[in-house]
Amino acid sequence: MPQMNILVGTMYGGALDVAEQVKPLFEKAGFEVNIAEQPTLDDLTSGESISLFVLSTTGSGDFPGNFVPFVRSLSDTSPSLTELRYGLIALGDSSYGDTFCGAGRKLDMLLEDHGARRLGERLEIDAMETFMADDAAIPWVEAWLEEQQLKVS
């Protein structure tokens, strides 16, 4: 059974809530799902498995505190991530202007710089437009699974 690791970066729990809401969709598609609330490089997947990042933005486009050690480790060790296939859900607030979903965008560039391959488009959820982030995340994950033909059962 392929693995789906959901790596969460959250400040107030919104990204974790999204991860918990989409987990059953991946399980239904045949994945064994693990949610990493304190993600490390060991949580990244390879081969038939996939990683999903669900990441809030704090301050001026910054990473949430629980995600900073992951980003530091990625930057410091500079591993090759050519085997990593991933999806990305970024949460932000468009009233912050240029830094809207800044953490998700920065992570996307960092992963790409290390050779990872994003599957599909990044979902950016705007708190100014969507009160409950999972209202946008659930249909995106359903379409993403179908688009990537990730149903394995």
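Trainee: Is Arg105 buried, partly exposed or exposed?

Mentor: This is a predicted model, where local features need pLDDT of at least 70, side-chain atom pairs count only at pLDDT 80 or more, and totals for chains, interfaces and linings use all residues. Residues are numbered from 1 along each chain as its sequence is written, and side-chain values use heavy atoms, leaving out hydrogens and water. Buried means under 20% relative accessible area, exposed over 50%, and partly exposed in between (1.4 Å probe, protein chains only). Arg105 has a relative accessible area of 30%, so the residue is partly exposed.

Trainee: Which side chain does Arg105 meet in a salt bridge?

Mentor: A salt bridge puts a side-chain nitrogen of Lys or Arg within 4 Å of a carboxyl oxygen of Asp or Glu. For Arg105 the N to O distance is 2.8 Å, and the partner is Glu124.

Trainee: Which elements does that pair tie together?

Mentor: Helices (H or I, at least four residues) and strands (E, at least two) are DSSP runs, numbered from the N terminus. Arg105 and Glu124 are 19 residues apart in sequence, so the pair ties together separate parts: helix α3 (residues 102–113) and strand β6 (residues 123–126).

Trainee: Is Asp108 buried or exposed?

Mentor: Asp108 meets Arg122 in a salt bridge at 2.6 Å, N to O. The relative accessible area of Asp108 is 4%, so Asp108 is buried.

Trainee: How many residues apart are Glu27 and Lys23?

Mentor: Glu27 forms a salt bridge with Lys23, with the closest N and O atoms 3.8 Å apart. Both lie in helix α1 (residues 14–28), about one turn of the helix apart, and the separation is four residues.
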